[in-house]
Amino acid sequence: MFARLKEDIGCVFERDPAARTAFEVVTTYPGLHAVMMHRLAHRLWLRDFKWLARLLSNVARLFTGIEIHPGAVIGRRFFIDHGMGVVIGETAVIGDDCTLYHGVTLGGTTWQKGKRHPTLGRDVVVGAGAKVLGPIEIGDGARIGSNAVVVKSVPAGATAVGVPGRIIEPARDATAQRRADTARRIGFDAYGATRDAPDPVANAINSMLDHIHHMDGRMEVMSRALEQHGIMHHFEHDSDLDSMAIEEAAHPDLPQSDSLKKSRA
Ligand SMILES: CC(C)(COP(=O)(O)OP(=O)(O)OC[C@H]1O[C@@H](n2cnc3c(N)ncnc32)[C@H](O)[C@@H]1OP(=O)(O)O)[C@@H](O)C(=O)NCCC(=O)NCCS
């Protein structure tokens, strides 16, 4: 449970540049409080303490302004930024690493029982005020623009905006998706830096990302071989690397990150 809590706190730092300390996050982020209480309410729901689960979810709503039905299935590292006005329905399913902003509704369009709320894949971002309605699927890595009303499924990696939601950016191809994954893992902003563009800096970054991906693969093979021979334990990717300082190097007048200051001290 504490490992999950640590993950939930960690993902706040990854996705909200305003977050300063773990204490501040634990005490002042309603999105985190709502998710923590939902995890408890969901357990009660699964153990058939349905009324207690709904009571707890209502208490969470009272304190946070975020309404998550205890039946909703929510993956790891889920982050609701700001939070007020978020509604997540009973049969909604949310994959790992998803982010919602305030005013988002994952709602239904029918009064029939059964699956009536959306299913979000992994790493989906839903912008402030967006409504995602019906038993539709939002694919891995998809983005929903602020105030969009999405009533049809969105493919993986695509971006949907507007009312009704329309796809403005098609799904990434496998190479672009791999670069985005590598960029996110090492702390680059995958929105700007990894798009295919006729920009020499972006091309250089893309080459570096490909190179890192290739080296990761080789390290993985070597680590498994060493583990098989009892020389060392297998290691996992470290996703907690400080973000790169490429912007600061390009703009010396900008304030420097703590990590850069430390490395130069
Ligand atoms: C507007 C609404 C009543 C329409 O329901 P419907 O008659 O079953 O409509 P359909 O799903 O058949 O869609 C018909 C068309 O309207 C569009 N559409 C559906 N809902 C829309 C909405 N909210 N805004 C804009 N367009 C909408 C669909 O894209 C579709 O367009 P198309 O014909 O070009 O493909 C319903 O989609 C809706 O928004 N209900 C509110 C649900 C809600 O608020 N839930 C919250 C629960 S917490």
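Tutor: Let's start with a term: two residues are in contact if their C-beta atoms, placed from the backbone, lie within 7 Å. Here, residues 24 or more positions apart account for 31% of the protein's contacts with a separation of 6 or more. This is a predicted model, where local features need pLDDT of at least 70 and side-chain atom pairs count only at pLDDT 80 or more, while totals for chains, interfaces and linings use all residues. Residues are numbered from 1 along each chain as its sequence is written.

Student: What does the secondary structure of the protein come to?

Tutor: Helices (H or I, at least four residues) and strands (E, at least two) are DSSP runs, numbered from the N terminus. This protein has nine helices and 15 strands.

Student: Which strands form the open sheet, and in what order?

Tutor: Strands of a sheet pair through backbone hydrogen bonds, either parallel or antiparallel. Two strands count as paired if DSSP finds at least two bridges between them. In this model, an open sheet of six strands runs in the order β3-β6-β9-β12-β14-β15, with mixed pairing. β3 and β15 stand at the edges with a single partner strand each, so one side of each is left without a neighbour in the sheet.

Student: Where can I look for each kind of pairing?

Tutor: For parallel, take β6 (residues 99-100) and β9, joined by two bridges; Thr99 has Val125 in β9 as its bridge partner. For antiparallel, β14 (residues 159-161) and β15 (residues 166-169) pair over three bridges, with Thr159 opposite Glu169 in β15. These two strands form a hairpin with four residues between them, and Gly162 in the turn has a positive phi of about 90°.

Student: Which residues touch the most other members of the largest nonpolar core?

Tutor: In soluble globular proteins, nonpolar side chains tend to be buried together. A residue is buried if 20 or more other C-beta atoms lie within 10 Å of its own, exposed if 12 or fewer, and partly exposed in between, with C-beta atoms placed from the backbone. A nonpolar core is a set of buried Ala, Val, Leu, Ile, Met, Phe, Trp, Tyr and Cys residues joined through C-beta atoms within 7 Å. The largest one here has 41 residues, and Val126, Val132, Ile144 and Val150 touch the most other members. Its largest share, six residues, comes from α3.

Student: What is Val126 in contact with, leaving aside its neighbours within four places in sequence?

Tutor: Val126 is in contact with Leu100, Tyr101, Val104, Val132 and Ile144, once those sequence neighbours are left aside.
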